[in-house]
Amino acid sequence: MLTQEQLNQIRENLEASQNPLFFFDNDVDGLMSFLILRRAIGRGKGVAIKSFPDLKEQYVRKVEELNPDAIFILDKAELSKEFADAIEQKGIPMTWIDHHETKTPKEIIEKTSYFNSHPSSEPTTYIAQKIFNRQQDLWLAVIGCIGDVYMPDFAEKFSEEYPELLPKGIEPFDALHSSEIGKMVRMLNFGLMDTITNVVTLIKYLFKANSPADLLEENQYTKQLHKRYSQLNEFYTKQVAKAESKFYPESPVLFYTYSGNTSMSAEISNKLYHKHKDKLIIVAFIRPEKVNVSIRGEKALETTKKLIANIEDATGGGHVEATGAMIPIDDFETFKENIKQIL
Ligand SMILES: [Mn+2]
């Protein structure tokens with residue numbers, strides 16, 4: 001975990017900025033880190049990063065449009081040289097807060113104030129909450145941490161107040177799959193998979209929301225979120241059932257491919273891993289040009305590195321038990337061959 005001094009430094013960087021711009025990873029941990037910091041200082045704009053694996057040059061346009069005096073990058077493992085160079089030239093200070101192992105070269109990292117909790121790897125949300133320790137944001141911090149399968153020390157306090165949302169003593173992986181907090185994580189992850197207009201509306205609502213009930217209750221502000229959740233939850237449930245129907249119980253690998261309008265490999269693979277803890281789970285979303293893969297298992301990171309080693313344009317990484325990878329479609333056969341090889 002970061003030291004108190006490092007947390008103070010981030011706080012100083014935040015408070016020194018009149019017009020901060022936050023780039024956050026497009027998932028619940030990224031979103032909650034942003035919300036917690038934004039709510040604490042009461043100013044700033046947020047943009048979800050959709051480029052993978054790094055924050056790419058295309059986002060320089062956002063910087064030019066919003067003209068911030070400081071940039072904060074949240075929960076993103078990699079930063080592209082093009083983006084870092086362009087921002088350096090503009091003279092805008094960058095603060096980068098993350099918890100993943102990074103492959104970004106040192107000379108690029110040094111263009112930023114870099115804070116990383118790796119290898120203990122507490123989620124970015126956890127770091128964000130520890131900067132200001134605001135009790136009114138505790139519920140958002142719990143959602144963000146559980147989204148990254150991490151049980152924070154402040155969960156106990158939350159469980160005392162909301163035992164029906166997060167039973168005391170529950171394991172984080174079980175919390176993600178069988179508690180109301182887990183449902184809220186999926187609601188927000190699915191809410192992020194919506195049109196930009198709807199995502200902006202959701203984020204603005206969350207600037208002011210006071211408690212879990214403000215999300216769980218259907219009202220004029222949460223109507224779209226609930227609608228999106230039930231649509232995507234149906235798709236998700238179907239994909240999980242389909243994956244299980246194609247699965248040989250004696251095989252150590254559960255490999256599943258799907259396509260459609262929405263990529264939700266992280267959610268599907270999390271669920272499958274929860275139900276089949278002893279297997280290696282590989283879920284692949286096929287796009288016309290590339291395949292997005294989520295891998296779960298005891299040795300997911302080690303296996304991911306092996307599976308993409310001989311594929312030049314593939315990228316992949318993440319945590320010990322949970323990774324993501326991108327494979328060009330032309331190399332997908334090689335990737336499948338590699339799966340057979342490791343069996
Ligand atoms: Mn994260």
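A residue counts as buried if 20 or more other C-beta atoms lie within 10 Å of its own. The structure described here is a predicted model.

**Helix α15**

By that cut-off, the buried residues of helix α15 (residues 300-308) are Ala300, Thr303, Thr304, Leu307 and Ile308. They lie on the same side of α15, because they cover an arc of only 120 degrees around the axis. An α-helix has 3.6 residues a turn, so residues three or four places apart point the same way. The cover over the buried residues of α15 includes the elements in this table.

| Element | Residues |
|---|---|
| β9 | 280-286 |
| β10 | 290-296 |
| β11 | 315-318 |
| β12 | 322-328 |
| α16 | 332-342 |

**Domains**

The domain assignment of the protein chain gives domain 1 (4-224) and domain 2 (246-342). Taken over C-alpha atoms, their centres are separated by 25 Å. Contact between the two involves 12 residues of domain 1 and 10 residues of domain 2. On the side of domain 1 that touches domain 2, the elements giving two or more residues are α9 (172-178) and α10 (180-192). The most comes from α9, with three residues. The residues of this side of domain 1 divide into six nonpolar, four polar and two charged.

**Nonpolar core**

The largest nonpolar core has 90 residues, of which Phe23, Ile73, Val142, Ile143 and Ile181 touch the most other members. Helix α7 (residues 138-147) supplies the largest share of this core, eight residues. Domain 1 and domain 2 each give at least three residues to this core. Leaving aside neighbours within four places in sequence, Val142 is in contact with Pro152, Ala155, Phe158, Leu166 and Ile181.

Definitions and conventions:
Residues are numbered from 1 along each chain as its sequence is written. This is a predicted model: local features need pLDDT of at least 70, side-chain atom pairs count only at pLDDT 80 or more; totals for chains, interfaces and linings use all residues. A residue is buried if 20 or more other C-beta atoms lie within 10 Å of its own, exposed if 12 or fewer, and partly exposed in between; C-beta atoms are placed from the backbone. Helices (H or I, at least four residues) and strands (E, at least two) are DSSP runs, numbered from the N terminus. The arc is that of the directions from the helix axis to the C-beta atoms. Two residues are in contact if their C-beta atoms, placed from the backbone, lie within 7 Å. Domain bounds come from an automatic or database domain assignment. Ala, Val, Leu, Ile, Met, Phe, Trp, Tyr, Cys and Pro count as nonpolar, Asp, Glu, Lys and Arg as charged, and the others, Gly among them, as polar. A nonpolar core is a set of buried Ala, Val, Leu, Ile, Met, Phe, Trp, Tyr and Cys residues joined through C-beta atoms within 7 Å.
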